[in-house]
Amino acid sequence: WAWLLQQRRLGIALPGIRKLSPDRLTADIRTVEQSPEIQEQARRIGQAIRQESGCQRAADLLEAHLAT
């Protein structure tokens, strides 16, 4: 999923836990915090989720799946 989010400019894909260092994590967090493009994409997807009641729909699907 991380690579998909990175492709859509919604975040940064982190390396596996064994390759992730505190310095790398800190740098990637700063990149996301300072990226106008990532922030704009996140704002857009958040707006779309709210307009489509995406959270409620996801919860409904999860509950339906768990009930089976």
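## Arg 9, a residue to start with

Arg 9 counts as partly exposed, because its relative accessibility of 42% falls between the 20% and 50% cut-offs. You will find Arg 9 in the loop between H1 and H2. Its backbone deserves a look too: although Arg 9 is not a glycine, its phi is positive, at about 60°.

Please keep in mind that this is a predicted model.

## How confident is the prediction?

The news here is friendly to a careful reader: the protein chain has an average pLDDT of 88, and 100% of the residues score at least 70. Helix H1, covering residues 2-7, has the lowest mean, 82, while helix H2, covering residues 22-34, has the highest, 93.

## Overall form

What does the chain consist of? The protein chain holds 4 helices and 0 strands, and reading along the sequence gives the pattern α-α-α-α. With a radius of gyration of 16 Å, well over the 11 Å that the globule rule gives for 68 residues, the protein chain is more spread out than a compact globule. If you picture a box along the principal axes, the C-alpha atoms fill roughly 45 × 30 × 15 Å.

## Surface and charge

How much of the protein chain is buried? Of its 68 residues, 9% count as buried. The accessible surface comes to about 6000 Å², and carbon and sulfur atoms account for 56% of that area.

Turning to charge, the protein chain carries 10 positive and 8 negative side chains. The centres of these two sets lie 6 Å apart.

Is Gly 11 buried or exposed? Its relative accessibility is 13%, so Gly 11 counts as buried, the cut-off being under 20%.

Which residues does Gly 11 touch, not counting those up to four places away in sequence? They are Leu 5, Gln 6, Val 32 and Ile 38. As for Glu 33, Gly 11 is 22 residues from it in sequence, and their C-alpha atoms are 9.6 Å apart in space.

Asp 28 has its place in helix H2. This Asp is one of the negative side chains by the counting used here, and it is buried, since its relative accessible area is 11% and the limit is under 20%. Setting aside neighbours within four places in sequence, Asp 28 is in contact with Ile 12 and Leu 14.

Terms used
Residues are numbered from 1 along each chain as its sequence is written. This is a predicted model: local features need pLDDT of at least 70, side-chain atom pairs count only at pLDDT 80 or more; totals for chains, interfaces and linings use all residues. Side-chain values use heavy atoms; hydrogens and water are left out. pLDDT is the predictor's confidence in each residue, from 0 to 100. Helices (H or I, at least four residues) and strands (E, at least two) are DSSP runs, numbered from the N terminus. The radius of gyration is taken over C-alpha atoms; the globule rule is 2.2 Å times the number of residues to the power 0.38. Buried means under 20% relative accessible area, exposed over 50%, partly exposed in between (1.4 Å probe, protein chains only). Accessible areas come from the Shrake-Rupley method with a 1.4 Å probe; for residues, only the protein chains shown count as cover. The place of a charge is taken as NZ of Lys, CZ of Arg, CG of Asp or CD of Glu. Contact means heavy atoms within 4.5 Å.
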